[in-house]
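Thank you all for coming. I would like to walk you through one structure this morning, slowly enough that anyone new to the group can follow.

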Amino acid sequence: MAVLTMVEAIRQALEQEMERDERVMILGEDVGRLGGVFRATDGLQARFGPARVFDTPLAEAVIAGASVGLAMSGMVPVAEMQFLGFSHQAFHQIADQIARYRFRSQGRYPMQITIRSPFGGGVRTPEMHSDALEAQFVQCPGLKIVMPASAYDAKGLLLAAIRDPDPVLFCEPLRGYRLVKDEVPEGDYTVPFGTARVVREGTDVTLVAWSAAVQLCERAAELAAEENISCRILDLRTLVPLDVEALAHCAEVTGRVVVVHEAPYTGGFGAEVIATIQEEAFYALEAPIARVTAPDTPYPIAGVEEFYIPNEERVLAAVRRTVGTTA
Amino acid sequence: MTKAKATAIPTPFEGGADPDAFRLLDAVGALVEGAVTPLSGDQLLEGFRWMLFSRTLDERAVSLQRQGRIGTYSAVYGQEASVVGVSLALDPARDWIFPQYRETPALLRHGMPLSTLLLYYIGNPVGGRVPDGVLLAPIQISLAAQLPHAVGMALGLKMQGRDGVVVTFVGDGASSEGDFHESLNLAGVVQAPVVFVLQNNGYAISTPRSKQSAATSFAARAEGYGMPGVRVDGNDLLAVYEVAREAVERARTGGGPTLIESQTYRLFPHNTADDATRYVPAEELEARHLEDPIPRLRNYLTAIGVLDDTLEEQMRVAIVEEIAAGVAAAEAHPPPTPGQVFDYAYADFSPRILRQREEIIGNVPKGDA
């Protein structure tokens, strides 16, 4: 099986799905001639033409909003927000229009739309590019939120997203585009939403994460192993729908949980994870659940980014604290 | 020290049509010199009937709102020629409308059942369902948000080689939204088969046109988007029809988008929750009533002999009956149920949402059970 980077896996999924379903089209800034600023759509315009791989004017709201009309006309749009940090320019169209169109129209107009967007820090982008805004979109009922951590999942979840009758926000960890490499089948497969993945088995504590934070947890787990702490890692894969059973199971397996995410602390999705676990499996918990997140400050300029994003040391400290509580 | 006193600048009346806007009928309903009617006698009567229908429905709906039988309602009152004129230029079998919320007769002519529309105003979610085969987007409440959708649909029709045209309505106030700019810009770039009908009715709730934009006209903005911009007397059914027909024809034959500024006037407050006496001068309202599009068209139709009092009375009786039947059908619809809070939110529901549904259905407020 071929080892692909995450961006190669995404590109392969797009190409195969456009080949399979002629309704599928791509629109966004620089997606055509350039092949996307991260090359996620490289070569697709040459193959499928400028109408199906459409370079739009620089205008996020109309990229999202035009997708509504395109979907109503029978197309299956895959729109790209060049960076999630700019998606607030389109927030109304995504949150209030796309997400609730099926609901408002009582099923007449389903929105089979995928919005792909890179996000997250660690590659010293200019300001405003890197914000992890996923929790804001979780509060937009009607929308599904997908956050792959591996190349395998990126392809399988993207194919599932494009085929899903509901709109999907598909967040891609931009620092993982080329760093994350794993085996990706050449053929067609989908990864179902709402099924979390156990990345690493362990017995002392479960680290719950999604997207690029999964790799961070893997590194932290290695360090913890040197201290004889056995970490289990759960990758949520999708925040909406949420794999509630897998979260409850964490508490039952390890009794201790640490949640790690790149978004700010207060109101981050980690809070939802913790609330869910205490609802479902409170009596299995042996320690308070810890969270390792970005602070409640704006995403900073590149020179201090490394202090802002959660790192191995902070995850390890939380692991020690959590395990040590009753150890 | 005395405070500087604001200079009292005499304000001209807001709204209404520019003297040089395109028109075929003068203020009293006579054809302007050299004008020829673009509509047949039957089409003229169809247009008049829809205008009368709209006015009668507005009056009925406001009464229903005052009785608490429907919720907040936005009347078309005063803008009938502007809406119906555009509608007459459309083929409901292939052309799409992406409305705002003040285009009721166009929705009905396109195939939206009156009872469904009334259910929307009653507050039943089923009122949001446009029947299958009716080429209509849902009523839009977030201003200008429908414009990107309209451009997307136009792009889709073009990509698929279909000959439909998309018409979308927007107001003078909503044209200040960012979505307006992004949509017209994209439509120009891709030469989308879309017609933007900007109904300039003088007010965005209380904010007058003069405070909405410093542009000489809204139509003038079209140049910046690489499309034709037309100013039309929005209270002249014939003229509105003619500019809409021309724009639809251009879009259908690959000529791209058009911005129509239909200059009209909102004779009723913004909606049933608004009190326009707080901001519309009485003398302005009185003057604008003299430009009411319905008497204007009636004068013309009477003069050319296609309408008389008997025919209009027959129309009115039939309209009142049709509206009564629509109201009765809407009110006979079963009341909404708690489960409708969930219906159609997703194609498939996660166990988490199903649990929320059970919890809501199991705990309805007493008295609603």
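Predicted model: local features only at pLDDT ≥ 70, side-chain atom pairs only at ≥ 80, totals over all residues.

Staying in chain A, we can look at how two helices pack. As a reminder, a pair of packed helices is described by the angle between the axes and the distance between them. Helix H3 (residues 60-72) and helix H4 (residues 91-98) of chain A have axes that come within 7 Å and cross at roughly 25 degrees. Because angles under 35 degrees count as roughly parallel, H3(A) and H4(A) are roughly parallel to each other. On the H3(A) side the meeting residues are Ala61(A), Ala64(A), Gly65(A), Ser67(A) and Val68(A), and on the H4(A) side they are His92(A), Gln93(A), Ile94(A), Gln97(A) and Ile98(A). By class, that contact has five nonpolar residues, five polar and no charged.

Now to the contact between the chains, which takes 33 residues from chain B and 36 residues from chain A. On the side of chain B that touches chain A, the elements giving two or more residues are helix H5 (146-159), helix H6 (178-190) and helix H12 (351-361). Of these, H5(B) gives the most, with 10 residues.

Inside chain B, helix H1 spans residues 41-66, and its 26 residues reach 38 Å, close to the 38 Å expected. H1(B) is followed by Gly68(B), whose phi is positive, near 80 degrees.

How does H1(B) lie against H11(B)? Their axes come within 10 Å and cross at roughly 45 degrees, and that makes H1(B) oblique to H11(B). This crossing of H1(B) and H11(B) is right-handed. Residues of H1(B) in the contact include Leu52(B), Phe53(B) and Leu57(B), and those of H11(B) include Ile319(B), Val320(B) and Ile323(B). The contact of H1(B) with H11(B) has nine nonpolar residues, one polar and three charged.

Helix H11 (residues 309-332) of chain B also packs with helix H4 (residues 114-122) of chain B, at an angle of about 55 degrees and with the axes 8 Å apart. H4(B) and H11(B) are therefore oblique to each other, and their crossing is right-handed. Leu118(B) and Ile122(B) are among the residues that H4(B) brings to this contact, while Gly326(B) and Ala330(B) are among those from H11(B). The residues here divide into eight nonpolar, two polar and no charged.

Finally, consider Val166(B), which sits in strand E2 (residues 166-171) of chain B. Why is Val166(B) called buried? Because 32 other C-beta atoms lie within 10 Å, and 20 or more are enough for that label. Beyond its neighbours within four places in sequence, Val166(B) is in contact with several residues, including Trp96(B), Phe98(B), Met153(B) and Val194(B).

Key:
Residues numbered from 1 in each chain as written. Chains lettered and ligands numbered in written order. Axes fitted to C-alpha atoms, helices over the stretch in contact; angles between N-to-C directions. Helix = DSSP H or I, 4+ residues; strand = E, 2+ residues; numbered from the N terminus. Parallel < 35°, antiparallel > 145°, perpendicular 65-115°, else oblique. Left-handed = near helix turned anticlockwise from the far one by under 90°. Contact = placed C-beta atoms within 7 Å. Nonpolar A, V, L, I, M, F, W, Y, C, P; charged D, E, K, R; others polar. Expected span 1.5 Å × (residues − 1). Buried ≥ 20, exposed ≤ 12 C-beta atoms within 10 Å, placed from the backbone.
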